Amino acid sequence: MRTATFAGLLVFVAVSAAPAASQEGLAASALANSEFSWVRRAAPGFRVYFQAGSYAAQHQDSLLARLPMALQHARTLIRSPAPADPIDLFFVETREAMTRLVGARATGFTHQSARAVFLMTNPTWRAFERHEIMHVVAWHAWGPPAARNDWLQEGLAQAADGRCGEFSNEAVLRGLTRRHGWVTLQDMLVNFRQQPDLRAYLQAAALTRFLLDAYGPTAVETLWRNGGTADSIIGDRSFAAIEQQWREVIASGDQPAPQRLAAIDEVGCGVVAPTR
Ligand SMILES: [Zn+2]
């Protein structure tokens, strides 16, 4: 009897010391949504849900394998620990499904505080798992960002993705700035959401990547927590001076061929390259 009681107590202690976090926020509401049925899988650091019958469900093994790599990549980029609890990650087929689940016609969406990620993928659209997973990793490492820090949240996430179409963020940005010009630093810092989103995201991503490489994650964390202005001092120089130097550094180099650049400019970074 004593042994049985002791064994029972051990089990109880072990379970209560590491309870599985329940789904929260938009993850909980997606699972409770009777319009959707989900194929449930798991990967290290993730609980994953594929919309039943979708393109993603047909490719679940390969999509699943990308997730731990994306998490590790995000953590390496900002040298952060893993989130304490698993990320709940949903794959759906269409923008309509995204709208029904998260209320936005997005191709990727993250509810940071709930560790809930939603990704659209189909034969013509690549999933942005590195982008959305970085939203969760940064938020859990550094906490909620300063107000009006949209440029840095999106810059960091898109820097983690690293790609636009089959090109680097920087190559597509180069092509777009040669076509349309730059978003000013001031507009990026204070009116980010009012800018043409592809250019603003890529410009923020390439600038954030430059800051990470040149000044390290701690300098970027300071911007995340405190916000930044053109006069903010990073290292020993003003943000405005750094941004000017960065433009000169990335202005020269390759860009996508005109037809492909036009397709990306029209549809976005997730557009899958045509196969011959
Ligand atoms: Zn984002």
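Residues are numbered from 1 along each chain as its sequence is written. In this predicted model local features need pLDDT of at least 70, side-chain atom pairs count only at pLDDT 80 or more, totals for chains, interfaces and linings use all residues, and side-chain values use heavy atoms, with hydrogens and water left out.

Me: How far apart do the C-alpha centres of domain 1 and domain 2 lie?
Reply: Start with the bounds, which come from an automatic or database domain assignment. That gives domain 1 as 22-142 and domain 2 as 150-267. Their C-alpha centres lie apart by 25 Å.

Me: What area is buried between domain 1 and domain 2?
Reply: Buried area is the accessible area (1.4 Å probe) that two parts lose on being put together, summed over both. Carbon and sulfur atoms give 61% of it here. The total comes to about 1,600 Å².

Me: Which three residues supply 45% of the area that domain 1 buries against domain 2?
Reply: No other three residues of domain 1 supply more of that area. They are Leu77, His131 and Trp142.

Me: Which salt bridge partner does Arg126 have?
Reply: A salt bridge is a side-chain nitrogen of Lys or Arg within 4 Å of a carboxyl oxygen of Asp or Glu. For Arg126, the closest N and O atoms are 3.2 Å apart. The partner is Asp161.

Me: Why does that pair tie together parts that are apart in sequence, and by how many residues?
Reply: Helices (H or I, at least four residues) and strands (E, at least two) are DSSP runs, numbered from the N terminus. Arg126 lies in the loop between β5 and α6, while Asp161 is in helix α7 (residues 150-161), so the parts tied together are apart in sequence by 35 residues.

Me: Is Asp161 buried or exposed?
Reply: Buried means under 20% relative accessible area, exposed over 50%, and partly exposed in between (1.4 Å probe, protein chains only). Asp161 has a relative accessible area of 4%, so Asp161 is buried.

Me: Which element gives the largest share of the side of domain 1 that touches domain 2?
Reply: Across this interface there are 9 residue pairs in polar contact, both at pLDDT 80 or more; a polar contact is a pair of N or O atoms within 3.5 Å, where within protein one must be able to donate a hydrogen and the other to accept it, and residues adjacent in sequence count only if both atoms are side-chain atoms. On the domain 1 side, α4 (60-78) and α6 (129-142) are the elements that give two or more residues. The largest share, 8 residues, comes from α6.

Me: Where does Arg115, with its positive phi, lie?
Reply: Phi of Arg115 is near 55°, a positive value in a residue other than glycine. At 4% relative accessibility, Arg115 counts as buried. Its place is the loop between β4 (108-111) and β5 (116-120).

Me: How many residues apart are Arg247 and Glu243?
Reply: These two form a salt bridge, with the closest N and O atoms 3.2 Å apart. Both lie in helix α11 (residues 239-251), and their spacing is about one turn of the helix, or 4 residues.
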